[in-house]
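Dear colleague,

I am handing over the structure below, and after it you will find my notes on what was found in it. Please read them with the coordinates open beside you.

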Amino acid sequence: MSAEQQGQNFLASVDRYFDKAAAATNHPKGLLQQIKICNSVYSIKFPLKTENGYKVIKGWRAEHSHHKLPVKGGIRYSDEASEDEVIALATLMTYKCAIVDVPFGGAKGAVQINPKQFNKRELERITRRYTVELIKKNFIGPAVDVPAPDYGTGAREMAWIADTYMAFHGEQIDALGCVTGKSVPQGGIRGRTEATGLGTYYGLKEACAHEEDMKKLGLETGIEGKTFVVQGLGNVGYHAAKFCIEAGAILVGVSEYEGAIHKSDGIDLERLMAYRKETGSILGFEGATDLPSREAGLEIECDILIPAALENQITAENAPRINTKIIGEAANGPITADAEKILEEKGVMIIPDVYINAGGVTVSYFEWLKNLSHVRFGRMGKRFEQAAYDKILNIIEKTTERSLTKEEREMVARGADEADLVYSGLEETMSVAYNHTREILMSNDKVDNLRTAAFVNAIDKVALCYFELGIFP
Ligand code: NAD
């Protein structure tokens with residue numbers, strides 16, 4: 001299937017999810033149409049001089065919804081990117097931001113390249129030129145459109161984008177807020193790198209905390225002891241796996257670009273990462289069985305499957321062979337609409353992408369706030385909090401006549417620093433959003449799964465903006 005066809009299918013899947021959820025609301029038809037359509041798409045082509053001659057580089061930026069500004073969404077570098085894929089991803093961003101109460105509209109960008117086929121200097125030139133094209137059309141800026149990392153991009157590309165933007169708009173005091181996912185020295189925030197994976201873990205933790213839902217799946221509550229498989233050991237997959245393991249879950253399978261491995265008594269994640277760095281592959285890892293294909297990794301028996309690579313990974317073809325009870329969609333759109341039907345008939349609980357991978361945009365929002373306020377979270381209050389706790393502990397020591405140990409005092413009497421606040425803000429966001437979405441599922445007869453509930457949640461919130469503007473009755 002061509003990249004264009006894949007993009008079309010992805011967009012069709014997102015639209016089907018929207019239509020299903022829209023039918024479970026009472027909003028006017030015209031308003032639903034306005035929420036569904038993509039507001040603007042900018043298609044770009046520019047030349048790049050490489051060692052092997054000139055190449056034409058294709059890129060896009062889609063701003064799905066201007067109901068709130070700025071719009072926000074990652075930039076991906078992938079030779080599979082297409083315009084429809086970018087629109088689908090921008091659409092998901094609108095709903096995602098609404099679900100986690102991040103006050104942005106949705107956007108997404110892509111450059112149609114395989115970054116592995118370009119050297120660092122070429123990648124820098126591509127990134128800077130793409131940014132200039134966005135600047136020319138006002139498709140980037142702290143008040144209009146704020147990109148972030150996605151598949152194939154990271155803090156390095158975000159630093160190039162910020163630097164290019166600041167070269168054009170050095171007079172703007174908030175210029176650094178033109179992009180998020182920057183490294184901390186470049187104006188980023190602690191906790192952003194791991195945010196999407198950490199948010200995925202918080203989402204799974206929340207889902208696994210509901211006894212009645214777990215009972216239906218034949219599982220105990222909690223993450224501890226659950227087996228899981230991850231597809232894609234990139235930024236999102238690695239961090240999701242890391243936090244699940246820290247909470248006591250057992251990583252029994254990994255699927256990566258080069259193949260898949262299985263080890264029922266648990267894979268040591270850090271050793272696997274080091275092994276892959278050294279050998280270039282996860283295959284042949286000590287004690288694990290190599291599977292015949294990377295697709296086979298998705299079919300390993302487990303309690304939780306975390307697809308964290310790309311869209312369209314679970315289709316009607318392989319869905320019957322998926323052998324898990326819960327799927328946490330860390331990637332965007334890993335399950336096609338047809339596959340979802342099959343999985344639900346099998347009783348699989350799907351925690352949708354629009355909710356579970358919203359940790360990245362949530363912490364990006366915190367980074368943007370930090371850039372606008374020009375102060376690190378925790379800087380003003382940390383010492384004050386610590387002193388206040390110290391005073392309380394002194395009183396407790398006096399009244400109880402018990403002296404605290406140094407460790408006890410240090411554990412309690414500490415002020416929150418930036419990472420503490422980011423983790424706490426993210427956990428609260430993921431918890432509130434999950435429970436709100438679950439309530440919609442429990443209370444609306446027309447809603448039959450978490451994805452539809454999440455979309456209803458999003459549609460209601462976006463609709464509210466238009467009601468308040470008086471555009472729709
Ligand atoms: P990444 O580039 O860091 O990692 C992706 C990993 O998937 C790579 O290791 C790659 O080798 C692997 N992979 C690619 N194709 C594969 C295949 N067919 N089978 C198995 N593995 C494969 O990207 P990322 O930032 O971790 O993003 C992963 C997904 O999460 C994407 O769908 C992205 O849109 C989504 N997402 C990312 C963020 C973020 O903050 N980075 C936020 C929200 C959603």
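The largest nonpolar core, where a core is a set of buried Ala, Val, Leu, Ile, Met, Phe, Trp, Tyr and Cys residues joined through side-chain atoms within 4.5 Å, has 95 residues. Buried here means under 20% relative accessible area, exposed means over 50%, and partly exposed covers what lies in between, with a 1.4 Å probe and protein chains only. The residues with the most contacts inside this core are I35, L204, V254, I306, I326 and I351. Helix α3 (residues 83-99) gives the core its largest share, 11 residues, where helices (H or I, at least four residues) and strands (E, at least two) are DSSP runs numbered from the N terminus. The core also takes at least three residues from each of domain 1 (38-186) and domain 2 (189-378 + 416-473), with bounds that come from an automatic or database domain assignment.

Before going further, please keep in mind that this is a predicted model, in which local features need pLDDT of at least 70 and side-chain atom pairs count only at pLDDT 80 or more, whereas totals for chains, interfaces and linings use all residues. Residues are numbered from 1 along each chain as its sequence is written, and side-chain values use heavy atoms, with hydrogens and water left out.

Next, the ligand. It is surrounded by 23 residues, of which the closest are R76, D150, T196, E256 and N332; a residue is counted as near if one of its heavy atoms lies within 4 Å of the molecule. By class, this shell holds 8 nonpolar, 10 polar and 5 charged residues, where Ala, Val, Leu, Ile, Met, Phe, Trp, Tyr, Cys and Pro count as nonpolar, Asp, Glu, Lys and Arg as charged, and the others, Gly among them, as polar. Both domain 1 and domain 2 contribute at least three residues each to the shell, and at least two residues come from each of α8 (235-246) and β7 (250-256).

- A polar side-chain atom of R192 is 3.5 Å from a ligand oxygen atom.
- A polar backbone atom of N235 is 3.0 Å from an oxygen atom of the ligand.
- A backbone N or O atom of Y257 is 3.4 Å from a nitrogen atom of the ligand.

Taken alone, the ligand exposes 830 Å², and the protein buries 90% of that; these areas come from the Shrake-Rupley method with a 1.4 Å probe, and for residues only the protein chains shown count as cover.

Several individual residues also deserve a look. R61, in strand β2 (residues 53-63), counts as buried because its relative accessible area is 0%, and its side chain reaches the backbone oxygen of G74 at 3.3 Å. Y238 is found in helix α8 and is buried as well, at 15% relative accessibility. I356, in helix α11 (residues 353-356), is likewise buried, at 0%, and its C-alpha atom is separated by 21 Å from that of K216, 140 residues apart along the chain. By contrast, K446 sits in the loop between α15 (418-443) and α16 (450-469) and is exposed, with a relative accessible area of 53%.

Finally, a few notes on backbone geometry. Most residues other than glycine have a negative phi, and most peptide bonds are trans. The bond that joins L69 and P70 is a cis peptide bond, with omega about 5 degrees, and P70 has its place in the loop between β2 and β3 (71-77). N138, in the loop between α4 (120-136) and β5 (145-149), has a positive phi of about 60 degrees although it is not a glycine. E401, also not a glycine, has a positive phi of about 55 degrees; E401 lies in the loop between α13 (382-400) and α14 (406-412) and is exposed, at a relative accessible area of 75%.

With kind regards

How values were computed: Polar contact = N/O pair within 3.5 Å; in protein donor to acceptor, adjacent residues only side chain to side chain.
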